[in-house]
Amino acid sequence: MKRRQFTAALAGLLCLSSRAYGTGNVFLDYDQAALDQAYDQRNWAPNFADVIARYSTDSAAARAQFPPRTERYGPGDETLDIFSPPVTRPGRKLPVMVFVHGGAWRALSKDDASAPAGTFVSNGCLYVALNFSNIPAVRLPEMAKQCQKAILWLYANIERFGGDANRIFVSGHSSGGHLCAVLLTTDWPSLGAPMDVIKGGVTMSGMYDLYPVMKSSRSSYVKLVGDEMAEFSPMRHLGKIRCPVIVVSGDKESPEFKRQAADFATALAGMGMLKERFTLANCNHFEVPEALNNQRTPLSTAVLKMMS
C-alpha cells in the first residue's frame, strides 16, 4: 500500500511540475531561452570538447589493455563489446556491468564507452559496452527497444562468456542515463525475462521525465508521438523498479539536470530503492562518467560493492 500511495502522490507532483506558470514561461520559471540553455550542457562545461575527446582516447587505451570480444545481438548497429578479466577460475560465473553510452541520443558509440572496463575486469567482473542506433537513423523509442533487446540477449547468452545471467547490472550516462533508467523501468515479463533480470542500476546525469526535455530545443530532433513521452519517462513508471539504484550527477551540471537527478533520487528513496546518491564535486556533466575509470573513486567503490 505504501508504494502505491507514494506512486500516486508522485504522479500528482509530476502533473503539477508539468505546468508552466508566469507570463512567458514554458516550464516552471524558465522562459524558452533559459530552458533551452538548461538542456544544453555545453553552456555549463567550457571544456566539453576536450572531455569528449578523452572518451575516445581513454577507451582506445582500455581496449588495447583488455581486448574485448565483440558480439552481435541484432542487425545493423546492434553490437556489444564484452570485456573479461585476463584470468578467471574455471566454472566461476562473474557479475556483469552493462554500460549505455550517452551523446544526446544522437552521437557516440560503444567505442567511446570502453574506458571504465579496467575498473570492472580488475575486480572480477565482466564489462559490456552497448552499441545501438542513434538519432536520426532511428527514433528514441527504437533506441530504447534496442537496449532492451541487448539485455535479453545478454540474459540468454552471457554465461557462454563467463558471466552470471542472474547478476546483470546496468549503468549509463546522460542520454544513456535516461536509457539506463528506461531499462530499470521496463516490464521485462512482457518481453520474456524475469522482472528482476536487472539486479542494480547506476544512472549518471540522466533525464528521467521527458516533459521538460520535449519543451526544450531538443525537441527539434527528438520526435515523440502519442503516449511515447510518458512511455519513455522513467519517473512515470517507478513502480516497475525491482533493484537498488545509485543516482549520480555533478555539482557543475545545468540546473535542470541537477533537478532531474534530485527528483529521481528522492522518489527512489521514498520507495526504498535508492542505494546511494552521489553529487560529484567540481565535476561538470561530461566529466561525471570518468569517475568510473578509476577503481579507487568513491563511486567505483560503491558500484563494485553493490555488484558483490
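In this predicted model, the mean positions of the 33 positive and 28 negative charges of the protein lie 6 Å apart. Lys and Arg are taken as positive and Asp and Glu as negative, without His and the chain ends; each charge is placed at NZ of Lys, CZ of Arg, CG of Asp or CD of Glu. Local features require pLDDT of at least 70 and side-chain atom pairs pLDDT 80 or more, while totals for chains, interfaces and linings use all residues. Residues are numbered from 1 along each chain as its sequence is written, and side-chain values use heavy atoms, leaving out hydrogens and water.

The protein contains ten helices and ten strands, defined as DSSP runs (H or I, at least four residues, and E, at least two, respectively) numbered from the N terminus. The radius of gyration is 18 Å, close to the 19 Å given by the globule rule for 308 residues, so the protein is as compact as a globular protein of that length. This radius is taken over C-alpha atoms, and the rule is 2.2 Å times the number of residues to the power 0.38.

The accessible surface is about 12800 Å², with 53% belonging to carbon and sulfur atoms (Shrake-Rupley method, 1.4 Å probe; for residues, only the protein chains shown count as cover). Of the 308 residues, 55% are buried, that is, under 20% relative accessible area (1.4 Å probe, protein chains only).

H101 lies in the loop between β5 (94-100) and α4 (117-121) and is buried, at a relative accessible area of 3%. Beyond residues up to four places away in sequence, H101 touches residues including L130, F132, H173 and G176, contact meaning heavy atoms within 4.5 Å.

Technical notes
Buried means under 20% relative accessible area, exposed over 50%, partly exposed in between (1.4 Å probe, protein chains only).
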